[in-house]
Amino acid sequence: MPAREPGDVVVDGGAGELVVMWAGFPLLGAGLGAGLTALSGWVAGLAWFPFQDVFELLDRWPAERSYPLGAGVVALAGVALAVVGTRERLRVTVGRRSVELHRDGHGRDVARAEVSGVFVDGKTLVLLDAAGGELAREKSDLDAGRLREAFTGQGWPWVDRDPHRDAYRRWVPGLPGLPAGADALLRARERALRDGRGAEVRELHGELAGLGVVVRDEGKRQYWRLVDR
């Protein structure tokens, strides 16, 4: 990867986002756990509520044992959520000659010379090549205004909307017009979307791009278009 330069602009969630995840999530979990423990007798009577055995146990135990356990277990769930959130954070470093997209300990660079357009599609940063294919599609909670300012300030070709948006068609199994193998990849990607397997979704997106198929999502629905290679 090329060395970063002094004028590069970094867009990420900042230290505040990490504080919210690593302090806020566990504290919120502890409060929720304590609240559920206080209601454990009532919750244990709800046949549809999961973990009935746990709530029955908490209801039988004395408060000095049940409250630390209930609060601690849900606080640990908050820590687990913070770990996942930290791994999924996107950091975008924009320079004059390239942009680095960094997530989950891995970064990749896209050269400015390869990019014909940059835009935000909902909560997704997209970089297009000259043929209309996608060089990158990265979902995040980064502010669109900050991204726009970073890219335009470095002279990148920012566009306000996807110039190919009208070319997309909704994918349904067996739909004609797709290249060989694309339908199977879209089926696998649909399952990964449904199950929340983000890394697999991105991997399959890349495989589809190799077949000349660009995919965008609306909720759990997939839309596609072809790119001339």
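What follows is a conversation about the cavity, the pockets and a surface patch.

Modeller: This is a predicted model, in which local features need pLDDT of at least 70 and side-chain atom pairs count only at pLDDT 80 or more, while totals for chains, interfaces and linings use all residues. Residues are numbered from 1 along each chain as its sequence is written, and side-chain values use heavy atoms, with hydrogens and water left out.

Biologist: Why is Trp 22 called partly exposed?

Modeller: Buried means under 20% relative accessible area and exposed means over 50%, with partly exposed in between (1.4 Å probe, protein chains only). Trp 22 has 40% relative accessibility, and therefore counts as partly exposed. Trp 22 is found in helix 1 (residues 14-38).

Biologist: What makes up the nonpolar patch on the surface?

Modeller: Patches are made of residues with over 30% relative accessible area and no salt bridge, where nonpolar side chains (Val, Leu, Ile, Met, Phe, Trp, Tyr) are joined within 5 Å and like charges within 9 Å. Here the nonpolar patch is formed by Trp 22, Leu 76, Val 79 and Val 83, which together have about 350 Å² of accessible area. Helix 4 (residues 63-88) contributes three residues, the largest share of this patch.

Biologist: How many cavities of 30 Å³ or more are there, and which residues line the largest cavity?

Modeller: On a 1 Å grid over the protein atoms alone, a cavity is a set of points where a 1.4 Å probe fits but cannot get out, whereas a pocket is an open set with protein on both sides within 12 Å along at least five of seven lines; lining residues have an atom within 4 Å of a point. The count comes to one cavity of 30 Å³ or more. The largest cavity has a volume of about 40 Å³, and its lining consists of Val 120, Lys 123, Thr 124, Leu 125, Ser 140, Leu 142, Ala 144 and Leu 147.

Biologist: What is the volume of the largest pocket, and which classes of residue line it?

Modeller: The largest pocket holds about 1400 Å³ of space. Among the 50 residues that line it, Glu 88, Arg 103, Glu 138, Lys 139 and Arg 202 are the closest to its centre. By class, the lining has 24 charged, 14 nonpolar and 12 polar residues.

Biologist: What is the make-up of the second largest pocket's lining by class?

Modeller: That lining has nine nonpolar, three polar and no charged residues. The second largest pocket has a volume of about 250 Å³, and helix 4 gives the most to its lining, with four residues.

Definitions and conventions:
Grid points are joined across faces, edges and corners, and a volume is the space filled by probe spheres set on the points. Accessible areas come from the Shrake-Rupley method with a 1.4 Å probe; for residues, only the protein chains shown count as cover. A salt bridge is a side-chain nitrogen of Lys or Arg within 4 Å of a carboxyl oxygen of Asp or Glu. Helices (H or I, at least four residues) and strands (E, at least two) are DSSP runs, numbered from the N terminus. Ala, Val, Leu, Ile, Met, Phe, Trp, Tyr, Cys and Pro count as nonpolar, Asp, Glu, Lys and Arg as charged, and the others, Gly among them, as polar.
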